[in-house]
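Thanks for coming, everyone. Please put the structure up on the screen, and I will walk you through it.

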Amino acid sequence: MASPFIVNTVELLRRLGTQKDLSLIVSASRFGFDDSRIADDSLIDVNLHLESLTNGIVVHGVLDAHWQLQCRRCLRPISESSRAMVDELYQRIPDNPDAYPLVGEQLDLQPMVRELVLLGAPESSLCSPDCPGICPQCGADLQSDPCTCDAKRIDERWAVLDELRQQLGEQELPAIT
Ligand SMILES: [Zn+2]
Ligand SMILES: [Zn+2]
């Protein structure tokens, strides 16, 4: 199946001012982001407007990403959105250092879209800023299921102190003069 991101440039360049709209929703999985936090059901809403001008093909538009992620502390699913604005130029003979090269008759917008969407991807994913995460000892989700590991550790510490106190108590205390 042809990529929905491939645009025929012959059509666009035949007459200056030719316009073309591209509206599609794609799964983030098609971009192969190398990020285990990004679930395959994350969707990217692509809305682009292309126009052929004397200096090349300009692409304007908006990329709305709806990320399905995992909290990195407790692994709960969370949703986040990000928006990237598109303002790019494709040129057959580049005279603009920021322009993308236009090679052949097919213009593949996917690499540009991938780059911009990835720039907007969330850096750190937490279900809440103070997510307590998972107990490293018993694996309980501390947000909904407070475990007793900490309390037990404190009890153990007290037990050691109690023992010390007992040992001291059995000794003769030095007389204070
Ligand atoms: Zn969390
Ligand atoms: Zn625990």
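Start with cysteine 127, which counts as partly exposed at 27% relative accessibility. A word on that scale: buried means under 20% relative accessible area, exposed means over 50%, and partly exposed is in between, with a 1.4 Å probe and protein chains only.

Now the ground rules. This is a predicted model, where local features need pLDDT of at least 70, side-chain atom pairs count only at pLDDT 80 or more, and totals for chains, interfaces and linings use all residues. Residues are numbered from 1 along each chain as its sequence is written, chains are lettered from A and ligands numbered from 1 in the order in which they are written, and side-chain values use heavy atoms, with hydrogens and water left out.

pLDDT is the predictor's confidence in each residue, from 0 to 100. The protein chain averages 88, and 93% of the residues score at least 70. Strand E3 (residues 43–53) has the highest confidence, at 97, and H3 the lowest, at a mean of 75. Helices (H or I, at least four residues) and strands (E, at least two) are DSSP runs, numbered from the N terminus. Where pLDDT is low, the predicted coordinates should not be read in detail.

Back to our cysteine. Which protein donors does the zinc ion (ligand 1) have? They are Cys71, Cys74, Cys127 and Cys131, each through SG, lying 2.3 Å from the ion. Cysteine 74 sits in the loop between E4 and strand E5 (77–91), while cysteine 127 sits in the loop between helix H2 (110–119) and helix H3 (149–170). The pair is 53 residues apart, so it links distant parts of the chain. Cysteine 74 is buried, at 6% relative accessibility. Donors here are N, O and S atoms within 2.8 Å of the metal (3.2 Å for Na, K and Ca); water is not among the atoms, so sites may look incomplete.

Next, the zinc ion (ligand 2). Its protein donors are the SG atoms of Cys135, Cys138, Cys147 and Cys149, at 2.2 to 2.3 Å. Why is this arrangement called tetrahedral? Because the four donor atoms subtend angles of 104 to 113°. Along the chain the spacing reads C-x2-C-x8-C-x1-C. Cysteine 149 is buried, at 9%, whereas cysteine 147 is partly exposed, at 24%.

On to charges. Side chains of opposite charge can pair when their charged atoms come close. How many salt bridges does a search of the whole structure find? Three. The cut-off is a side-chain nitrogen of Lys or Arg within 4 Å of a carboxyl oxygen of Asp or Glu.

One joins arginine 83 and aspartate 64, at 2.8 Å from N to O. Arginine 83 lies in strand E5 and aspartate 64 in strand E4, so this pair ties together parts that are 19 residues apart in sequence. Arginine 83 is exposed, at 56%, but aspartate 64 is buried, at 17%.

Another pairs arginine 76 with aspartate 141, at 3.0 Å between the closest N and O atoms. These two sit in loops, 65 residues apart. Arginine 76 is partly exposed, at 28%.

Finally, aspartate 162 bridges to arginine 165, at 3.1 Å. Both lie in helix H3, three residues apart, about one turn of the helix. That is my tour.

Terms used:
Four donors count as tetrahedral if all angles lie between 85 and 135 degrees; four count as square planar and six as octahedral if opposite donors are over 155 degrees apart and all others between 65 and 115; anything else is irregular.
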